[in-house]
Amino acid sequence: MSTRLVLILAWLLTAESLVRADSPNFNRDIRPILSDRCFACHGPDEATREADLRLDQAASATEERDGYHAVSPGDSGGSEVIRRVISADDDLRMPPPEFGEPLTVAEIELLRQWIDAGGEYAQHWSLAPLHRPSIPTPAATELVANPVDAFILRRLEAERLLPGPPADPRTLLRRLAYDLTGLPPDGDMVDAFVADPSPDAYRTLVAALLNSPHHGERMATYWLDLVRYADTLGYHGDQEQSVWPYRDYVIDAFNQNKPFDQFTIEQLAGDLLPDPTLAQRVASTYNRLNRSSGEGGVQPKEYLAKYSADRVRTTGAVWLGSTFGCAECHDHKFDDYTAKDFYSFAAFFADIKEEGIIRNAVHIEQLPVPTPAQQRRMSELDAEIAVAQAEFDERSDVKLKAFEQWKRRVAESQGNWKLVRPVTATSEGGATLSIGHDGSVLASGDNPAEDAYLITATLPIERIAAVRLELLPDDSLPAKGPGRAGNGNLVLQSLELEVAGRTVEWTTASATHTQAQHSPEFVITGNRVGWAILPQTGQPHQFVLVAKEAAKFESDDRTAMIRLGQRFGSGHNVGKFRIYVAAEVADEPESAIALPELLTIFETDESQRTDEQRERLWDAFRQQSELHAATRDRLRSLQDERTTLQRSVPTTLATTATTPREIRVLPRGDWMNDSGELVEPALPHFLPAGSLAERVASGERLNRLDLARWMVDRENPVVARTMVNRLWMLFFGNGISRSVDDLGSQGEVPSHPELIDWLAAEFIESGWDVRHIIRLLVGSATYQRSSTPTAAQTEADPFNRLLARQSRWRYDAEPVRDNALAVSGLLERKVGGRSARPYQPPGYWRQLNFPMREYEADTGSNQYRRGLYTHWQRTFLHPSLLAFDAPPREECTARRDRSNTPVQALVLLNDPSYVEAATALAARVLRASDDDFENRLETLFRMALARKPRPTETQVLGDLYQRDLAEFREDGARAAALVSVGQGESDDALDDAEWAAWTGVCRAVLNLHESIMRY
């Protein structure tokens, strides 16, 4: 007799004694009925409660009510609940006809049995204190690989259902590779495991895949659904925001196997930790991932309320598995959350520094997140700048002697400069130019892309050797100017001076400060780049032009015209300025430049000057002296490089704590209603405070760090149950409770309640070790079973809730494309970095406004990045992702729906990404095999599916190949067009017709269920 037959007989004998004959269980059988049919009127929500009766609480349900009891324990016939649910009178029957269908006969019988057995209530399973259940001992101990199997087999025995056989090694390895990395295994890995599918070899594979950098990507994909990560604001114009460093933090956290309690604390309150690291501050970006708006007409108070409510819904769903959102407007109708709980929970997040409107689509509190290479170069530059600065600051005898000479020359030369008081000032572009009493000119009103200012004046001297343009800051200008661009900058292309009918020619140009690549000399040469002043906006500047030959007036009329040309574009025009002229200029160019504040210093006797004034003169000397030129230029070059590098550093939205804003209960969620109670941060009233009990009792204000630590407190039973339930879903298709987004009264009772508690306890006691739980799940015999059901399994358990077999499902949207790119050899496996833009149909973004945008697909390797990195546009999600049911991430998504539509087949056949993948895969096949069709087909199947083709597949694909080859031989242009889709280069070594025909075969293979299904 075979070993398997002996096991089956033992199984059947044992199962006879395990057929369930117990009375109804409140959580499993009764609560779902009451929650579905009764709690809306007789549950937690006081506002809609009828007859002051709560059927969710034993005390209310069983109390004496004028001679009757709603529930009379032990006496179903004397219970008003039973009398009402069986009543034929529409005025008496519950639920009322307008509410819904009456209870079924089976439901009524369950209620009767429960009441007759004592009508015992029980705390909701997800809220009950967490205790580790004993591991059961099933009859077929040979089938137990670890404790997970013991719980599963015990239930199967009770249901008299046999477990299926193990999956074949190839299927098991492909399943494991997908579940742990989201990518297919390579052929060598498959061959090695098929040759040795031993438990030791399996454990080695599990370890290798968990240690792969792609494991973090796989796990992060799901987490990003939960926290509604996206690259755009979400409302109105849905403009871009930079948050991808947070995505990389999540990937790194899973790759490092960061304990889940630490992972939780860093996201909710990383910024509040003592001396937080950069990674911990990046983690707190979680708090800023809510949808937000940059629309100019929004009411900031309304949107702050929206952001606050979003955080409560998301945090409650992510960690507590709760539909907290119902309590935004009223007490929860099915669970114990009150509206006060909702807003008290929101108060934890009231300290986040933010604005209701994201002005110019730019968030406040951006956190720079340099890459390692950028950080290294920044450190190198800081060291080089320190050396150059020390040299620049050195006060040698030679420099001090030159300094004294400079002071004398500047003091002597400043008397040469005379203020020009404009008579008229006009703008060719339509700006308003106002002349001040001090001779300054201020621009306001229109700020055209390009402009020219015309100044007429009677000059105070007869001979003009130089002109000095003084730029002045002003509070009316952006960033105080002195330019009119949004950042206070300006670009001057030309300064023309017309004296006595001729235009003065300039020989040299100099300035007190020059932006990199914007030389003062460009004003003479006419270079469009011109002279500019970044980053030194908001302060005065001087610009001097020296004439090649001094200009003289030939009559008593000293009228001159000065024209400032500004052609850079984008409103980079001068904001406020003053003009001086000089009859003589000293030989040293620096003596021509002195800021008005320096002139004030020179007017003060040297013995009376303050230390601050002396230092200001020394600094001005260093900025102009030829002695300092080399060091000054090197220092400026290094500083410019650092500034450029700093601007290239990616940023993420930072969570910064500030004084908490006032939070009230909003009646019916109305943000304009300020009549509600003021609340401070508080935990949901019905959940244990755990280690926070003393702080709660003291009345001390709690913060986000308290909330985060409470989430992962040992006495909080919900978070661990929520997380292990979701991990189970990732590896078995459904959660132990299928309601992975709602573990409350409306959620499904777990199919294996003791198993979910055992896993939750194991999770906590392992130190919140995510990989430990994953190893338990994938190491179980339950996980390793075949997903092919027997007839008995299908009949007894069509939805596979008992886990007699594995589940099968279509890949999520991202791995569908990842798989095609991987087998084709195109996949870019770099981990982390900016979001990527795969091919997208033209015009798809035509409805995006504020501003209007054109989608530009990436080129190079960025085109072939994993779907995890695809630019996530909330309102216009990439159509390929959308076709395969990826969520827009406007709200927390705990479980993706999976559809099966013709659109998906069309995407796989026609999306340029998939066509290009098929083309690249065909080229791989042609280069790797000889001319024999069957050999090439075997190569293709090994690359794509890790198996050999079946005879029927060989025949069907052979017919397809021959038909396509004949057509492409006749139409070479069509063949060339097909193999040139995407970025791939032509290959003269390949025949276009044959290449195109094999591309058709590859397209068909990539469309197989087996190519996009996890079995």
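## A guided tour of the predicted model

Begin by selecting valine 81, which lies in helix α5 (residues 80–85); helices (H or I, at least four residues) and strands (E, at least two) are DSSP runs, numbered from the N terminus. The structure is a predicted model, in which local features need pLDDT of at least 70 and side-chain atom pairs count only at pLDDT 80 or more, while totals for chains, interfaces and linings use all residues. Residues are numbered from 1 along each chain as its sequence is written, and side-chain values use heavy atoms, with hydrogens and water left out.

**Valine 81.** Is this residue, valine 81, buried or exposed? Valine 81 is buried because its relative accessible area is 12%, where buried means under 20%, exposed over 50% and partly exposed in between (1.4 Å probe, protein chains only). Display its surroundings next: leaving aside residues up to four places away in sequence, valine 81 touches Leu55, Ala70, Val71 and Leu111, a contact being heavy atoms within 4.5 Å.

**The whole chain.** Zoom out to the protein chain, which has 37 helices and 22 strands. Along the principal axes, its C-alpha atoms fill a box of roughly 125 × 85 × 55 Å. Of its 1015 residues, 54% count as buried. Among contacts with a separation of 6 or more, 72% are between residues 24 or more positions apart.

**Domains.** Colour the chain by domain, using bounds from an automatic or database domain assignment:

- domain 1: 22–116
- domain 2: 141–216 + 767–807
- domain 3: 227–367 + 659–716
- domain 4: 370–412 + 625–648
- domain 5: 417–586
- domain 6: 812–883 + 900–1015

The centres of domain 2 and domain 5, taken over C-alpha atoms, are separated by 76 Å.

**Helix α8.** Select residues 169–181, helix α8. Its 13 residues should span 18 Å at 1.5 Å a residue, and the end C-alpha atoms are 18 Å apart, which agrees; the expected span is 1.5 Å times one less than the number of residues. The helix is mostly covered, with 12 of its 13 residues buried, including Arg170, Leu173, Tyr178 and Asp179. Just after α8, glycine 182 takes a positive phi of about 75 degrees.

**The open sheet.** Move to the 5 strands that form an open sheet in the order β5-β8-β16-β11-β12, with antiparallel pairing. The edge strands are β5 and β12 (502–503), each of which pairs on one side only; two strands pair if DSSP finds at least two bridges between them. Strand β5 (residues 422–427) is joined to strand β8 (residues 451–458) by 5 bridges, and here alanine 425 stands opposite isoleucine 455. Between β8 and strand β16 (residues 559–566) there are 8 bridges. Across them, leucine 454 stands opposite arginine 563, and aspartate 451 has glutamine 566 as its bridge partner.

**Glutamate 404.** Finish at glutamate 404, found in helix α18 (residues 397–413). Glutamate 404 is partly exposed, with a relative accessible area of 33%. Select tryptophan 618 as well: although 214 residues apart along the chain, the two C-alpha atoms are separated by 9.7 Å.
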